[in-house]
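I opened my notebook to record what I looked up in this structure. The entries follow in the order I made them.

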Amino acid sequence: MPSRIDPNSLQLKDQVVSINRVTKVVKGGKNLSFSALVVVGDGAGHVGYGSGKAREVPMAIRKGIEAAKKRLVRINMTSISIPHQVLGRFGAGRVLLKPAAAGTGVIAGGTVRAVISAAGIQNVLTKSLGTTNPHNVVKATMDALMKLRTPDEVAAERGRTADEL
């Protein structure tokens with residue numbers, strides 16, 4: 001497990017992915033609350049996601065941001081894109097990420113786009129396969145980003161230099 005990233009040292013931007021109205025039926029009637037799925041990132045390789053639940057939307061978003069800051073991770077990326085193609089999985093959600101040439105931009109749906117842009121990746125092709133549940137898609141995208149490895153890391157695992165690959 002990598003060491004925890006200090007969110008105070010980064011210029012984090014938050015983006016709300018989804019807000020859901022949740023109703024709990026109790027003896028006296030119905031209790032209304034809101035759950036918010038939030039992604040935070042600095043646009044330079046640090047990204048995290050979190051979920052918050054509260055009676056009001058702003059409080060749910062605030063709780064989601066705090067949860068996301070605790071779950072920040074560093075991802076490997078090249079100067080313009082990602083190092084290689086990768087498939088992330090979580091539950092029924094699968095997200096395919098492919099590197100793209102400079103000038104392509106972020107080709108992604110809303111949920112995947114939120115995570116990719118928060119991470120700071122500028123050129124990437126994505127395809128969301130399976131479920132459209134925002135929670136599972138965000139987690140599958142994070143799984144894919146965590147699987148990214150640089151050529152130097154792969155070379156070190158194989159006991160070679162990056163030039164030999």
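What percentage of the 165 residues in the protein do buried residues make up? I found 38%, where buried means under 20% relative accessible area, exposed over 50% and partly exposed in between, with a 1.4 Å probe and protein chains only.

I noted that this is a predicted model, where local features need pLDDT of at least 70, side-chain atom pairs count only at pLDDT 80 or more, and totals for chains, interfaces and linings use all residues. Residues are numbered from 1 along each chain as its sequence is written, and side-chain values use heavy atoms, leaving out hydrogens and water.

Next I looked up the helices and strands (DSSP runs numbered from the N terminus: H or I of at least four residues, E of at least two). I counted four helices and eight strands. Along the sequence the pattern reads β-β-β-α-β-β-β-β-α-β-α-α.

Then I turned to nonpolar cores, meaning sets of buried Ala, Val, Leu, Ile, Met, Phe, Trp, Tyr and Cys residues joined through side-chain atoms within 4.5 Å. The largest has 26 residues, and those touching the most other members are Val47, Leu97, Ile116, Ile121, Met142 and Leu145. At least two residues each come from β2 (29-41), β3 (46-54), β6 (93-99), α2 (110-119) and α3 (134-147). I saw that α3 gives the most, six residues.

I checked Leu145 for contacts (heavy atoms within 4.5 Å). Leaving aside residues up to four places away in sequence, Leu145 touches Val47, Ile75, Leu97, Val115, Ile116 and Ile121. Another core, of eleven residues, lies apart from this one and includes Ile5, Ala60, Ala68 and Leu72.
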